[in-house]
Amino acid sequence: MKPDEFKLLADLLKKRSGLTLTEDKVYLIESRLLPVARIRNLRDLSHLCELVRLNPAEDMLVEITEAMTTNESSFFRDIKPYDHLRQIVFPMLMQKLSMQKHMRIWSAACSTGQEPYSVAICIQEDAAKMPGWRFDIVATDLAGKVVEKAKLGIYSQFEAQRGLPIQMLIKYFQALPDTSWQLKDAIRSMVQFRTQNLLENYSPLGKFDIIFCRNVLIYFDDATKAQITEKMTCALQPHGILILGSTESLVDPKGRFTALDEFRGAYRLK
């Protein structure tokens, strides 16, 4: 790939999604965008870049962006955050919200849905400890195709078993004839899926008590991280909790957040 072609696609991705690509990611562009070029009957990536430069049809730009921003996910990824959700965050917020008994949770950049469904399973597992409580789980992703897959709640044998204890697989999924697994309606109905670009306005989503934004910020530069942090400040209730990946750093230039000592990667508003 020529340097000017890399710059063209990297700039496009940064503008439309906020994600930053460095030059060592040329292989990633080639592996993810060659199929896009082939589906459109283009000669190669150079031909694709030529169209982006001269006649950028919106549907093609969406397809390129979605192909480049589809990320890996798994059920109960890194497990500890879900243990802490049940043992620390839920009890903490239940005290603060004891009058309304209603909690709203946002899974941002949810990919194919494993994260919000894992949260839903946590709620079901602890239902006896939370009688009368109502939970709204909103899950969003930039990629429309990914969101549509997530809504179905269908996963291959590998996807279903990866990170998911066998007893939960049997309890919350049903086997399909093609050896894939589908989440039961009781879990799927707990999650509302929508498309949402993290660079755009969050206000239509409403306010949340918990925001999961795990393993997302690592793809942004510091300026974009700060922008997203500020927007999530506005999307959180005053008592709200922001949960990042355990190895991610929070870029918070206005000092709005303080870390939870007992939960690495979790922050509350000051």
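**Ground rules.** I'm working with a predicted model, where local features need pLDDT of at least 70, side-chain atom pairs count only at pLDDT 80 or more, and totals for chains, interfaces and linings use all residues. Residues are numbered from 1 along each chain as its sequence is written, and side-chain values use heavy atoms, with hydrogens and water left out.

**Strand S2.** I began with strand S2, residues 134-141. Strands here are DSSP runs of E with at least two residues, helices are runs of H or I with at least four, and both are numbered from the N terminus. I found seven of the eight residues of S2 buried (under 20% relative accessible area with a 1.4 Å probe, protein chains only; over 50% is exposed, and in between is partly exposed).

**Its partners.** Next I looked up pairing, which takes at least two DSSP bridges between two strands. S2 pairs in the parallel sense with S1 (residues 102-107) over six bridges, and Ile105 has Ile137 in S2 as its bridge partner. S2 also runs parallel to S6 (residues 191-195), over five bridges; there I noted Asp141 bridged to Thr195 in S6.

**The glycine.** Then I went to Gly153, in the loop between helix H7 (144-152) and strand S3 (154-155). Is Gly153 buried or exposed? Gly153 is buried, at a relative accessible area of 0%. Leaving out residues up to four places away in sequence, I see Gly153 touching Tyr117, Trp181, Gln182 and Leu183, where contact means heavy atoms within 4.5 Å. I also checked Lys14: 139 residues from Gly153 in sequence, and 30 Å from C-alpha to C-alpha.
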